[in-house]
Amino acid sequence: MDKAARIKKEENKLKRIFRDLPENKKRTVEGLIKRAAFMRASLEDFEEDLDANGFVEEFRQGEKQEPYERKRPAADLYNTMNTSYQKIIKQLTDLLPEEKQERDELLDFLGGGGR
C-alpha cells in the first residue's frame, strides 16, 4: 500500500475512535489526527529503512582518515518523529472519556508495545 493510502487508512481509524467527541473538541482533534496519521506512515517507512540498512553507517571525514561508525541520519529522524508521535497520541487519548479509554483499541495498540 502506498504512503498516501496508509495515511488515509490511519486517519479514518482515528476519526472513528474520536467520532463521539463534542464539536468543540473535534476541531482540535482534526489537526492532531492528520499529524498522527502522517507520522505513523512515515515511522513505518523509517522502520523498513532501518531494518534494511541499520542504525549506524561507516563514515569517513576525508580520504586519508580512518572510517568510523556513526548513527545514520534516518535513525535520528526516526527517534525524533517517534517521540512527537507518542506525544500526539497521548494528547488524543487524554481527550477521550475515561470509559472509552479503557476499551479503546488505540490504547490496546499503545499498551501492546508497538507494531
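**Figure 1. Packing of α2 and α3 in a predicted model.** Helices α2 and α3 pack at an angle of about 150°, with their axes 9 Å apart. Axes are lines fitted to C-alpha atoms, for helices over the stretch in contact, and angles run from 0 to 180 degrees between N-to-C directions. That angle makes α2 roughly antiparallel to α3. The classes are under 35 degrees for roughly parallel, over 145 for roughly antiparallel, 65 to 115 for roughly perpendicular, and oblique for the rest. The α2/α3 crossing is left-handed. Left-handed means that the near helix is turned anticlockwise from the far one by less than a right angle; right-handed means clockwise. This is a predicted model, in which local features need pLDDT of at least 70, side-chain atom pairs count only at pLDDT 80 or more, and totals for chains, interfaces and linings use all residues. Residues are numbered from 1 along each chain as its sequence is written, and side-chain values use heavy atoms, with hydrogens and water left out.

Figure 2. Helix α3 covers residues 73–95. At 1.5 Å a residue, its 23 residues should span 33 Å, and the end C-alpha atoms are 34 Å apart, which agrees. The expected span is 1.5 Å times one less than the number of residues. Buried residues of α3 include Tyr 78, Met 81, Tyr 85, Ile 88, Ile 89 and Leu 92. Buried means under 20% relative accessible area, exposed over 50%, and partly exposed in between (1.4 Å probe, protein chains only).

**Figure 3. Packing of α1 and α2.** Helix α2 spans residues 23–53, and packs with α1 at an angle of about 135°, the axes being 8 Å apart. The two helices are therefore oblique to each other. The crossing of α1 past α2 is right-handed. On the α1 side, the contact residues include Lys 3, Ile 7, Glu 10 and Leu 14; on the α2 side, they include Ile 33, Ala 37, Phe 38, Ala 41 and Ser 42. Contact means heavy atoms within 4.5 Å.

Figure 4. Ser 42 lies in helix α2. Ser 42 is buried, at a relative accessible area of 5%. Not counting residues up to four places away in sequence, Ser 42 touches Lys 3 and Met 81. Glu 30 is partly exposed, with a relative accessible area of 49%. Its C-alpha atom is separated by 9.5 Å from that of Leu 14, 16 residues apart along the chain.

**Figure 5. Whole chain and confidence.** The protein has 5 helices and 2 strands, in the order α-α-β-β-α-α-α. Helices (H or I, at least four residues) and strands (E, at least two) are DSSP runs, numbered from the N terminus. Of the 115 residues, 33% count as buried. Mean pLDDT is 88, and 85% of residues reach 70 or more. pLDDT is the predictor's confidence in each residue, from 0 to 100. Confidence is highest in α1 (residues 3–17), at a mean of 96, and lowest in α4 (residues 98–103), at 57.
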